[in-house]
Amino acid sequence: MHELSITRSLLRQVLAAARGAGRVERVNLLVGEEAGVVPECVSFYFERLSPGTAAEGARLTFRRVPLRIRCPECGREFSRVEDVCGCNAGAEVVSGSELVVESIEVEDS
Ligand SMILES: [Zn+2]
């Protein structure tokens, strides 16, 4: 499953960031509208992958990042593929296709 491997890599990042810092209470994630990731699935797998690690029991929060695409020709930005200008130069995704760890919160000891 798509989300399983994504969640595995997320957990690895979280544990690397939390190394030596204590127990992870919360993980704040940025998820792009077009990332093709279902937050519920990520939470589901996280609960199954994290036991026995410093991130066991951590809560995941998801912040949606809207799609932004840019025309490399005229530099204008758009939020919908349908709105793209007529330059026909293709479109680059600026944001909205990512799933990244924005921050983690660890328990004060
Ligand atoms: Zn253009």
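Is valine 101 buried, partly exposed or exposed? Valine 101 comes out as partly exposed, because its relative accessible area is 23% (buried means under 20% relative accessible area, exposed over 50%, partly exposed in between, with a 1.4 Å probe and protein chains only).

## Ground rules

This is a predicted model, where local features need pLDDT of at least 70 and side-chain atom pairs count only at pLDDT 80 or more, while totals for chains, interfaces and linings use all residues. Residues are numbered from 1 along each chain as its sequence is written, and side-chain values use heavy atoms, with hydrogens and water left out.

## The chain as a whole

Let's start with the layout. There are two helices and six strands in the chain, and along the sequence they run α-β-α-β-β-β-β-β. (Helices, H or I of at least four residues, and strands, E of at least two, are DSSP runs numbered from the N terminus.) The radius of gyration is 17 Å, well over the 13 Å that the globule rule gives for 109 residues, so the chain is more spread out than a compact globule. That radius is taken over C-alpha atoms, and the rule is 2.2 Å times the number of residues to the power 0.38. Along the principal axes, the C-alpha atoms fill a box of roughly 55 × 30 × 15 Å.

Of the 109 residues, 31% count as buried. The chain exposes about 6700 Å², with carbon and sulfur atoms supplying 47% of that (Shrake-Rupley method, 1.4 Å probe; for residues, only the protein chains shown count as cover). Take the contacts between residues at least 6 apart in sequence: 72% of them join residues at least 24 apart. Contact here means heavy atoms within 4.5 Å.

## Back to valine 101

Valine 101 sits in strand β6, residues 99-106. Leaving aside residues up to four places away in sequence, valine 101 touches Leu10, Gln13, Val14, Val27, Asn28 and Leu29. Valine 31 is 70 residues away along the chain, yet the two C-alpha atoms are separated by 8.9 Å.

## The zinc site

Which residues hold the zinc ion? Cys71, Cys74, Cys85 and Cys87 coordinate the zinc ion, each through SG, at 2.3 to 2.4 Å. (Donors are N, O and S atoms within 2.8 Å of the metal, or 3.2 Å for Na, K and Ca; water is not among the atoms, so sites may look incomplete.) The donor spacing in sequence reads C-x2-C-x10-C-x1-C. For comparison, the ideal angle for four tetrahedral donors is 109.5 degrees.

Cysteine 74 is in the loop between β3 and β4, and touches Cys85 and Cys87, not counting residues up to four places away in sequence. At 37% relative accessibility, cysteine 74 is partly exposed, and cysteine 87 is partly exposed too, at 34%. Cysteine 71, by contrast, is buried at 1%.

## Other cysteines and a loop residue

Cysteine 41 is 33 residues from cysteine 74 in sequence and 38 Å from it in space, C-alpha to C-alpha. Cysteine 41 is partly exposed, at 27%. The structure holds zero disulfides, a disulfide being a pair of cysteine sulfur atoms within 2.5 Å.

Asparagine 88 lies in the loop between β4 and β5 and is exposed, with a relative accessible area of 77%. Its phi is near 60°, a positive value in a residue other than glycine. Most residues other than glycine have a negative phi.
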